[in-house]
Amino acid sequence: MRFLTALVALTIGFVSPAQAAFPEKNITIVIPYGPGGGFDTLTRKLAPYVEEYFAKAAGKNYNKIKVVPKNMPGASGKKAAVYTSKQKPDGHTVQIFNIPGHGLPYIRGDKDAGYDIESYSWLNRVGGDNYVVIVSKEGPYKKLDDLLNKPTDLKIPEQGPGSTSNMANRITWDTFKKGGEYIYGYKSSRAYSTAVLRGDGDVTMLASGSAKRYNKGGDFRILAHWADEIDPAFPDAVNGNDVGHPELHNLGLLRMIAGPAGMSDELVTEWNKALAYAVNHPDIQAWSAKTGNPVKAYDSAAKTKEVLMQNLGYFKQFKDVFAKK
Amino acid sequence: MEALDLAVIAEAWLKLLEFDSMIYLVLGTVIGLIFGVLPGLGGTTALALLIPFSMNMEPGDAIILMAGVMASTPTSGAVTAILLNTPGTAPNAATTLDGYPLAQQGKGGLAIGAAATASGVGGLLGVIFLIAMVPITREIVLMFAPPEFFLLAVLGLVTVSLSTGKKFVKSLMVGLFGVIIASVGYHEVTGEERFTFGVDYLWDGFKLVPVMIGFFAVSEMINLWAKRGTVSKSGDIESVNLKQVLQGCLEPFKQWKITLRGAAIGTGVGALPGVGGTVAAFMAYTFAVTTAKPEDRDSFGKGNIIGVIAPESANNAKEGGALVPTLAFGIPGSAEMAVFLSVLILHGLTPGPTIMTESLDIIWILIAATVVAGVMASVITILSASSIAKLTFVDSRTLVPIVLAFAMIGSYSLDNEIYDVFTTLAFGVIGFIFMRFGFPRISFPLAIVLGPLMETSYFQSLGIGDGTLSLLFDRPQSIIILVLIAGCILYYLKNSVGSSPKGRSKVS
């Protein structure tokens, strides 16, 4: 009998090594920001479905495995990225990344960031969005040209140097050779869009999903949407094709999940499938449509890494722009 | 979403009536009553200690728990002020002036009944003020830009320092220390690091909660341990009986003008960032004395029930007032609100322009919980006045280890970070040293919260005003705040020259 048990165990182990070994304990998804933001919301929304996928794979441990989102705010996301890079590559700790935000050291060529964005085991994309140019509806700017023709520099309320939307702003206005004076220190996208409404500045940029949410009361005018297809929610907007700069459509932000460097191919594949399962779940798709939080996953980890490097490569062209304060 | 959307209001009340919510509300109220009755351990300490435990709760439940604490501490704080001449919380200090003489005359129960009822009524009036503000918050938010925030921060720091009376200079020094501590870390405007000495832990600056737990709870415990014995050494518990307490309950209604006036002063002063309940209570008391008939004035300080009603109505009403700047601007109206602000932020609720429009459901839950907790606290205080007074006779050898253990666990469990525990201990020692040498600690938490706001809005004002600070002087709203700042300073100068400092706030 003991021999038989051993044989069965050996056979299971031999046939499906990854499934037997993983997951063997709770899984942590590190969120590099505090509770309540977009990254936190998306991760917490996805976690039960990732758990559902892995619970099936865990077999006898079906009810024991939990997927636990863990907030680790600090140093604009750096604290979490360093933490994740130091964990065992056994698939039990992964992290949601902000791209290009977390890629800023790579883009700038900083060597002392404490982590190397290329080295992580990239698993899948879970979300992402593109940018819009937003002004107050009551202000003087009716179309993008009005902004570009302003005789003085644009005043742009923003979170701070190095934030993802700051990168979008700098690339956009640099493309049009339009000077910008940045007013930093607004804590969130809601705060700096309210600053535009109040007249603290002329214009700012938001992810299109946020713009839709904040503009429910019709306070704003969206003058440009850097996407191949302009969202019908933005009737006043032009896109990059209309203004001769289709390359601006690359100005996307991505939400991607990765684990520490050195995860096995089997683990990476399992995780890729688990995240695709969660993202494509009808509940998540319905939530995404209702709340305007765009979600998307790829069917391979290789595609994830390819898109990541494409995105970072695009931003790297503007290395000098980010060196400016 | 309309601010006075009946569906949202009804939903908030239904949420409050859920079994779990009621448990949290009762729990918060009872904790608040206990911390209120123990001198030194006011609402600020209770909130700070509860933060880590609220982390895994739904935001609504956490808010209900905290509202229970905030609405109840000033109520029970009056019990020790009356019975033991020791204010349970700083805002109850004014209540000792007439409350303790009443207790000495064997009318402690009467005073407690009056204080508890005045607290309940004052709290309700404060909330009505808050509700009145909800529909116009959008206009207020758009009216207050970085130049006004800068001036409000200055006003907060100036008024809190002035409220410490003769200790004004020491209070400013504490405030300056707070500003320096707050400047540690990555600077969001310049994108540079300050005072981090290459230590990753300091990259985001000192965290508010471990600092608050250390500065208020740990320092008090060190102090209590050093003194030995119990919190209270004497007192007349016998004078408290239910009949007398119920008689006292009628007094605030007989003196309804005093109650209303106290509430009005409380909400008004509470809404000024950084001023808080202590100033509100003393102002209400002073106003009651100066507006009394000349023949009655001599009875104040000797056991006049009006001297209990006015400050107690004011110090509970200030909760509603203080919530306005806390929620609408993200500027705390008091030290307690500063900690509450961190609770909101930790639960993903961003005070300021967002909260009144995006989290209106939470605002109404907060309002409903504050109303119910205030009434519940008054009823519990009335029914259990004599029992809760006995808490102050617990020996420090029992009390100190328990509170310290809670402080350390609370600090560590926030982020499972051992450095947070070291921070708590370090600020506990610093807080104790400040107490020991008579530095008023109240300006420290305000400086920590208002310092960065002042700096950021200064830079933003420069950006908006094309490199000048002209915006500070050419808008009606900023002129009003400037006038208030000047008025506060002139008021202080006038009083410090002409009058005795007796009766001024004794915040520490």
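A residue is called buried if 20 or more other C-beta atoms lie within 10 Å of its own, exposed if 12 or fewer, and partly exposed in between, with C-beta atoms placed from the backbone. Helices (H or I, at least four residues) and strands (E, at least two) are DSSP runs, numbered from the N terminus. The views show a predicted model, in which local features need pLDDT of at least 70, side-chain atom pairs count only at pLDDT 80 or more, and totals for chains, interfaces and linings use all residues. Residues are numbered from 1 along each chain as its sequence is written, and chains are lettered from A and ligands numbered from 1 in the order in which they are written.

**View 1. Helix H11 of chain B, residues 242-254.**
Val245(B), Gly248(B), Cys249(B), Glu251(B) and Pro252(B) are the buried residues of H11(B). They line one face of the helix, because seen down the axis of H11(B) they fall within an arc of 145°; the arc is that of the directions from the helix axis to the C-beta atoms. Lys243(B) and Lys254(B), on the other side of H11(B), are exposed. The 13 residues of the helix reach 19 Å from first C-alpha to last, close to the expected 18 Å, where the expected span is 1.5 Å times one less than the number of residues.

**View 2. Helix H10 of chain B and its kink.**
H10(B) has 20 residues and its end C-alpha atoms are 28 Å apart, close to the 28 Å expected. A kink of about 30° is centred on Gly214(B); the bend at a residue is the angle between axes fitted to the seven residues ending there and the seven starting there. Of the 20 residues of H10(B), 16 are buried, and the helix is mostly covered.

Most residues other than glycine have a negative phi. Phe195(B) has a positive phi, near 50°. Phe195(B) counts as exposed because 12 other C-beta atoms lie within 10 Å.

**View 3. Lys177(A) in a loop of chain A.**
The loop lies between helix H7 (164-175) and strand E6 (180-183). Lys177(A) is not a glycine, yet its phi is positive, about 55°. With 7 C-beta neighbours inside 10 Å, Lys177(A) is exposed.

**View 4. The cis peptide bond between Ile99(A) and Pro100(A).**
Most peptide bonds are trans. The bond joining Ile99(A) and Pro100(A) is cis, with omega about 15°. Pro100(A) is in the loop between strand E3 (93-99) and helix H5 (104-108) of chain A.
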